[in-house]
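Subject: Structure handover

Hello,

Here is the structure you asked about. My notes on it follow below.

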Amino acid sequence: LQEAMASIKEEDNGGILMKNVADLRTLGICSAKWLILILVWNLHPYLGLCGKLVAGLVQCIWSFYVMTMVHNAMHCDVFRHSFVESVWRVILSATAGVPVESYRPTHNMNHHVYTQHGDHLDTKQMKYKWHLLNLLLFFPTVFPAIQKLESEFIANEAKKCSKTFFLFIFQVMAAHGATGVLLYLDWRRAVLCWVIPYIFGADAIVTMNMLQHDGTEDIVLGEHKGPKLNVNSARNFVGPVINYLT
């Protein structure tokens, strides 16, 4: 820790600062999730049914926002210094409720490499005639493949005793530790104010793939990167609102 702090002090040009000032929004959204939790947690005993439903809806939507921050943060580091970035990812894991390092094998190393070509999120897996079923059942359909990829990745990193593995351990402690503390304080309130919003957020960020990738242009395997990246394979919805939120 002393070496890490010393290296931070030696960084030139504002080394511990964020890479992009736009990520102040990332920090703000994550901070807001905790503020909303504190507010709803304390007001919960005094809220009627309608109040609890509105509060739950707000928390579900905000959980989804935080999951998009996980997506963005795993694509591009928020902080310049690796130690600060590692600490941030532990905090992000506690905020999201899931160890964010597990996002890498399923998203960065699989989904973006084999988009709509047999990746675990390939929307062609959904073959119901009723499209609403395709949308609602997408997450439970792909979840086993997500778990398999994550488990294999972490097992491989464990064998190497890599930095990624130990960072993952800290993230697990933060994510499940936060959940455990809330369940200990009041399990009923924790389920309503934390667990259900988390499940919604996880479902929503995965199900966005169904909305964004189904029917888009094909990629050329092995060439979908750099100047040859096919941007038309990425999103069906490109309006300013959905882009800002995701």
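Setting aside neighbours within four places in sequence, Glu-150 is in contact (heavy atoms within 4.5 Å) with Ser-102, Pro-105 and Thr-106. This is a predicted model, in which local features need pLDDT of at least 70, side-chain atom pairs count only at pLDDT 80 or more, and totals for chains, interfaces and linings use all residues. Residues are numbered from 1 along each chain as its sequence is written, and side-chain values use heavy atoms, with hydrogens and water left out.

Glu-150 lies in helix H7, residues 138-160 (helices are DSSP runs of H or I, at least four residues, numbered from the N terminus). Glu-150 has no salt bridge, and the nearest side chain of opposite charge, Arg-104, is 11 Å away. A salt bridge here is a side-chain nitrogen of Lys or Arg within 4 Å of a carboxyl oxygen of Asp or Glu.

The whole structure has 8 salt bridges. One of them joins Arg-89 and Glu-101 at 3.3 Å, N to O. Arg-89 is in helix H4 (residues 82-96) and Glu-101 in the loop between H4 and helix H5 (103-111), 12 residues apart. Both residues, Arg-89 and Glu-101, are buried. Glu-101 also pairs with Arg-104, the closest N and O atoms being 3.2 Å apart. Arg-104 is partly exposed, at 22% relative accessible area.

Regards

Note on methods. Helix = DSSP H or I, 4+ residues; strand = E, 2+ residues; numbered from the N terminus. Buried < 20%, exposed > 50% of the residue type's maximum accessible area, 1.4 Å probe, protein only. Lys, Arg positive; Asp, Glu negative; His and termini not counted.
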